[in-house]
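I opened my notebook on this one to look up a helix contact, some ring pairs and the confidence values. Here are my entries.

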Amino acid sequence: MKELPKAYNPAEYEDAIYQRWEASGFFNPEKMIDAGLTKPDAEPYTIMLPPPNATGVLHMGHALMVSWQDLLVRTARMRGYRTLWLPGTDHAAIATQARVEKDIYKAEGKSRHDLGREELLRRIGTYVNDSRQTIQKQMRVLGASPDWSREAFTLDEPRSRAVRTIFKQMYDDGLIYRANRVVNWDPKGQTTISDDEIVYEPRQAQLYTFRYSKDFPIPISTTQPETKVGDTAVAVHPDDARYQAYIGQTYEVLFCGVTLHLRVIADHGVDPEFGTGALGVTPAHSMIDWEMAGRHDLPVVGVINEYARMTVESDNLKGKKVTEAREVIVEWLKEHGLLLKEETISQNVPTAERTGGVVQPLPKLQWFLNVNKEFTIPYSEIDGIASGSQTTLKDLMRRAVAGGDIRITPDHFLKTYFHWIDNLRDWCISRQIWYGHRLPVWYRTPENSKSQASASAQPQRDGPNYKQIPNLKNEEDIYVGVEAPEGEGWVQDEDTLDTWFSSGLWTFSTLGWPDQTMDLKTYHPTTLIQPGTEILFFWVARMILMTGYTLGQVPFRDVLLNGMVRDGQGRKFSKSLRNGGDPIEMTQLYGADAIRFYFAATTVPGSDTRLHEDKLKGYKHFTNKLWNISRFILMNLDGFDPAVPVVWSEADKTILAELDQTVAEVTELIDGLKIHLAAEALYQYVWHTLADKIIEAQKMRLDNPKERPVAQALLIQLLETNLRLLHPFMPFVTEVIWQYMPASETEPMLMTARWPLPTEMTKAE
């Protein structure tokens, strides 16, 4: 029997162990079947790796994600499931382009428009390729065991074809449409963003109460007086007795050099308790006001452009930044005795997640996905939605979770999920950036157009950096397709799709859709997805939407949410704070197993986790403890013959029954996604039951020639079972120890060994 070395140094083993795993090919489920390690008809267990953004390196939050998922995957593989963990990366359009543009401007002082579309995309491609290689290396260092042969990228050609295909299907079903509506505009990034990409920052703001003119009867309150030069109405609540006499009347006022025509309207959307109970309606620069304008047939007057500068024809306002215009208007109100009150309030200011720019609501001609329009779903496995019935995308998202087809853990996020769906508006899916899936939409050039309106049509964008595409009215002048139209005279829309549109296809586009592949038939719906809580709406809900529409299925059965990983002081990991967070550096300090077990033992689903290095050191000690336990047992195996049957004493049976209970408990906890409790149960058993009690009690039996064979059989049984249980949590150290175990003669790699069954513990008599 080979002797286990005295000390375990992770750096001496981890790279070689991983190379052996990967060389075996057994991350691939079909290779497991070919080797007879998995039955061909085994139940599939599938996880699609939430694709990390190709914007740099993984952080400790990703390390948590990788640790949890690999734990579940390794457990399933050992339990005989046809296990597929499919890896990939997300092109993360806005984030990636913003990062590269920033680097270019810092190094060269050039913007994307200086470089041109082709050159910028070439540079982004180089950057993304380098980032993907770094991410792959980090995942390997952490011991991740995905099927690298199936690796996908959201912007590769198979995924791009899937995006174009579903876009056309949705367009043909009338779910995707082009319209002029108020959207969230990021002046810094020069693109639209979705509601979910807005970060609301609490800031101090001034609430101004004023009258438009001395003879205007109704005072209003606002924090943005610069938008009031675009007002076309004043709204009051229908039941507000203060303003009944004015409803329906129209007033002409001169406001800071701008002539306004204000109609007093009654609308139930007005809160009579806020401010004066009256609302200045600015249809062009407020989504709420835009909808109100539609209900009351109000004109829309835009006064702010894409660069957050005033466009109104006024000598003292035109061309000014909105913040400068605010000061001008407030000063004008004071000069004319119209400012009634000024008070400081707390306000949540909308900012763009990726650039930090203050979001401006602007009316833009954009592409939208209608979540409320009914369509016929050809096939459905979703509870409450019959094949061939009429449904909506919003209803699909609701029923998939409400009917129990999808379980969200922790379940208190259900309320948040349903609240989001109830308030969901049509999704603006077009973006004014160059990196990403370009819209599969083509327009006839004006000289080739069949539309009489094309020559005088308004441009699609108002800014000078956008190609002017006519607002064509003839359907023959717009082509939507999977491939480009034949013939000359077509120009493709310059916009790209929201990155979450393509990410929403992840579970089935990675399996070969739109082709009906064997992978798609075998591995979909997937078993589980494990994203951060912050992308429950960004990604999880949109995957449910896309999969329900396309396949009539749910994308996964379980959603296991994890919170954010922070440093010991509760701060985000960041280069500027120099507070660590690189998984490779942490692995070099503590070993991959300590990091993995730390996340398994200390992380509660849905809650943030603080990374305390003293606890990491503690789990490194646990790794060493397991090594020393194993070394002691293996050193005392001389003369042991596993083929010789033993007779257990009643005390032995009690020990084996307790082990039997631990196996059942750990298995049940993992099935219930209570990973932290499973880790704690194993920690307690190995350190305090096996090491502190059982081994100490067996030392006397090992010294007794008559008792020694039974003690050896008992200890090796306990060690073997615990190595199997611990392997998904601590794959490297357990695999190293396994090579010294008698069981390795029949099961050469612990990664592909069988998961212990409780009924096996007491069968030998």
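From H19, I listed Asp 652, Ile 655, Leu 656, Leu 659, Val 663 and Val 666; they meet Val 710, Leu 714, Gln 717, Leu 718, Thr 721, Asn 722 and Leu 725 of H21. Sorted by class, this contact has 9 nonpolar, 3 polar and 1 charged residues.

Next I looked up the geometry. H19 spans residues 650–671 and H21 residues 708–726, and they pack at an angle of about 5 degrees with axes 11 Å apart. I therefore noted H19 and H21 as roughly parallel to each other.

Then I turned to the rings. The count came to 35 aromatic pairs. For Phe 255 and Trp 332, I found centres 5.4 Å apart and planes at 75 degrees, so I wrote the pair down as edge-to-face. Phe 255 sits in strand E10 and Trp 332 in helix H9, so this pair ties together parts 77 residues apart in sequence. Phe 255 is buried at 0% relative accessibility, and Trp 332 also counts as buried, at 14%.

Tyr 417 and Phe 418 gave me another edge-to-face pair, 5.6 Å centre to centre with 75 degrees between the planes. Tyr 417 is buried at 0% relative accessibility, and Phe 418 is buried at 18%. I also noted one aromatic cluster whose members include Phe 597, Tyr 619, Trp 687 and Phe 729.

Last, I checked confidence. The mean pLDDT is 91, and 94% of residues reach 70 or more. Over residues 452–469 pLDDT stays under 50. Where pLDDT is low, predicted coordinates should not be read in detail.

Methods
Residues numbered from 1 in each chain as written. Predicted model: local features only at pLDDT ≥ 70, side-chain atom pairs only at ≥ 80, totals over all residues. Heavy atoms only, no water. Axes fitted to C-alpha atoms, helices over the stretch in contact; angles between N-to-C directions. Helix = DSSP H or I, 4+ residues; strand = E, 2+ residues; numbered from the N terminus. Parallel < 35°, antiparallel > 145°, perpendicular 65-115°, else oblique. Contact = heavy atoms within 4.5 Å. Nonpolar A, V, L, I, M, F, W, Y, C, P; charged D, E, K, R; others polar. pLDDT = per-residue confidence, 0-100. Phe/Tyr/Trp six-rings, centres within 6.5 Å; stacked < 30°, edge-to-face > 60°. Buried < 20%, exposed > 50% of the residue type's maximum accessible area, 1.4 Å probe, protein only.
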